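Open your viewer and get ready to select residues by number.

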Amino acid sequence: MPRSRACHVSLQPSAGSHGELAGLLLTRAYHEDRGDRRTKVLTPDTAHGTNPATVRMAGYEVVKVGTAPDGGVDLDDLRAKADDQVACLMLTNPNTLGLFDSNIEEIAEVVHGVGGTLYYDGANLNAVMGISRPGDMGFDIVHFNLHKSFTQPHGGGGPGAGPIAVSERIEPYLPRPQVVERPSHNGEGPVYDLDHERPKSIGRLRGFQGNFGVFVRAYAYICSLGGDGLREASETAVLNANYLRALLAEEGIGEYLPIGFDRICMHEFVLSGRGAKRELGIKTTDIAKRLLDHRVHPPTVYFPLLVDEALLIEPTETETKERLDDFARVVREVLEEARRDPEIARGAPYSTPVRRLDEVGAAKRPVVRQRPPDAEAPGDPERAGQVTGGAL
Ligand SMILES: *Cc1c(COP(=O)(O)O)cnc(C)c1O
């Protein structure tokens, strides 16, 4: 593999999904520049939900590719679906099961073979910083979330950043303006300038160059860790995930929460709550809610979709061995308690300011403004048109 490869970036996209949209607009511009109009984008069935949503937004048809028994892309299914209408394959590697797909070079060959681009959903780089490079794996376009791997706090509505990097053949289409280096007039070293003269560009994606404050934080983090430090963060994240995976596979937990795909994982792994549901009559939601009473932040639940009653566990590099041991102990306690009395977990949480929230309502009818109780009088003109329901 070549160790050095030209790479071009745009900092404009402000979220992972925004980077995905940029990537598909770049893909369209690339094909149309060749007089080629393509209609389909392939996404594996393990993909993050934003992938198919972005594909639709960009005006393409979503074509799902199946998962092989080892948790990677089903190559036969990929070959069957790769044709000259495929504009792009969007892939996360390691995928959302936390598994690295070692067939990546073959996958790249199939997609490039039909003229498609390869998009790396690099939202979460926690397993691979300083270890593998998307360009070496054959990817043409990548986004990475500064609010996942580079310390920007995640959630609460942002701000985030999902910069993109692209290979040589995609470069002419990058958002404009691009930051360029020019010789200075007085001969005193190069100066930076904004290049607006980019005729093939997909245009501007947002104001300025993106969320500047987020870049400063991420850059400070990168500088303070250095290349070796970033690599160590990834290695520790992978070690922590595998340690916890092995702990949770032990007797008393593994039979209720079997692992979805049983092999060495990267930064995360997925358990299935199907055993707990069948044997104890409690669902993954109940386990997650009961963890709150033990002051443990529950892992992601019900994602990825192809694992029944999924619990997606990503300890990251910041957890100590003591905290990982403690997490396993609490999970075991919750399961043992449910064996005696499943009603306790079904009614949890008990110690939080609010109990079970209307999560569907919160997603569909968000209330994004907190108001004092006296402003809630009926007929209040300020309230007219305000959407209610859900949670803050
Ligand atoms: C978080 C995530 C995204 C979406 O990123 P946003 O910033 O939330 O839009 C996409 N893909 C993967 C794999 C992710 O983990």
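Here is where to click, stop by stop.

This is a predicted model, so local features need pLDDT of at least 70, side-chain atom pairs count only at pLDDT 80 or more, and totals for chains, interfaces and linings use all residues. Residues are numbered from 1 along each chain as its sequence is written, and side-chain values use heavy atoms, with hydrogens and water left out.

**Stop 1: the cavities**

Rolling a probe the size of a water molecule over the atoms shows where empty space is left. A cavity is a set of points, on a 1 Å grid over the protein atoms alone, where a 1.4 Å probe fits but cannot get out; lining residues have an atom within 4 Å of a point. A volume is the space filled by probe spheres set on the points, which are joined across faces, edges and corners.

How many cavities of 30 Å³ or more are there? Three. The largest cavity has a volume of about 100 Å³. Select P44, T46, L91, T92 and N95: of its 14 lining residues, these are the closest to its centre.

**Stop 2: the second largest cavity**

Its volume is about 50 Å³. Select L97, L99, I259, G260, F261, R263, C265, F269 and V270, which line the second largest cavity.

**Stop 3: strand β10**

Strands are DSSP runs (E, at least two residues), numbered from the N terminus. Select β10, residues 269-272. F269 and L271 point one way, V270 and S272 the other. All are buried (under 20% relative accessible area, 1.4 Å probe, protein chains only).

**Stop 4: the partner**

Finish on V270, which stands opposite L312 in β12.

How values were computed. On a 1 Å grid over the protein atoms alone, a cavity is a set of points where a 1.4 Å probe fits but cannot get out, and a pocket is an open set with protein on both sides within 12 Å along at least five of seven lines; lining residues have an atom within 4 Å of a point. Buried means under 20% relative accessible area, exposed over 50%, partly exposed in between (1.4 Å probe, protein chains only). Helices (H or I, at least four residues) and strands (E, at least two) are DSSP runs, numbered from the N terminus. Two strands pair if DSSP finds at least two bridges between them.
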